[in-house]
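Please look at the sequence and the model shown here, and then follow the explanation below, which begins with the surroundings of the ligand and ends with the chain as a whole.

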Amino acid sequence: MSNETVRVEEKLYQNRYIVDAGKPHISIEPHTTPSKNLLAMTKVCPAGCYAQNDVGQVEIVADGCLECGTCRILLEPTGEITWSYPRGGFGVLFKFG
Ligand code: SF4
């Protein structure tokens, strides 16, 4: 067994994304102060899609989304985000192996 350390960023770099320009498949409802769960997404999204802006609101750039569904489980039931899969032919292309 190898003791080689692999960083998650290196693994993510293997994936490819076909961006549906102008049609993001996840959007955040307007807010002034993010909820705890929305704020948590800046730490737990495995693709780093969520970030806080200068005034503390949470924004999303879904271009590198892995479609894992974490934010969907946390935030769709509360109405904080709208989530759908990308249209056919768009989104993440996973590289296995
Ligand atoms: S579905 Fe997963 S990868 Fe995509 S934005 Fe939500 S938490 Fe991040």
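This is a predicted model: local features need pLDDT of at least 70, side-chain atom pairs count only at pLDDT 80 or more; totals for chains, interfaces and linings use all residues.

The largest share of the shell around the ligand comes from helix 3 (residues 70–75), which supplies three residues; helices here are DSSP runs of H or I with at least four residues, strands are runs of E with at least two, and both are numbered from the N terminus. Of the 14 residues around the ligand, those that come nearest are C45, C65, C68, T70 and C71, where a residue is near a molecule if its C-beta atom, placed from the backbone, lies within 6 Å of it.

Residues are numbered from 1 along each chain as its sequence is written.

The largest nonpolar core has eleven residues, among them C65 and C71 as well as I26, I28, L75 and I81; such a core is a set of buried Ala, Val, Leu, Ile, Met, Phe, Trp, Tyr and Cys residues joined through C-beta atoms within 7 Å. Strand 2 (26–28), helix 2 (36–44) and helix 3 are the elements that each give two or more residues to this core. Leaving aside residues up to four places away in sequence, I81 touches I26, S27, I28, E29, C71, L75 and E76, a contact being a pair of C-beta atoms, placed from the backbone, within 7 Å.

E67 lies in the loop between strand 4 (58–60) and helix 3, and has a positive phi of about 60° although it is not a glycine. E67 counts as partly exposed because it has 16 C-beta neighbours inside 10 Å; a residue is buried with 20 or more such neighbours, exposed with 12 or fewer, and partly exposed in between.

Turning to the whole chain, there are three helices and six strands, which run α-β-β-α-β-β-α-β-β from the N terminus on. Buried residues make up 11% of the 97 residues in the chain, and residues 24 or more positions apart account for 65% of the contacts with a separation of 6 or more.

Technical notes
Two residues are in contact if their C-beta atoms, placed from the backbone, lie within 7 Å.
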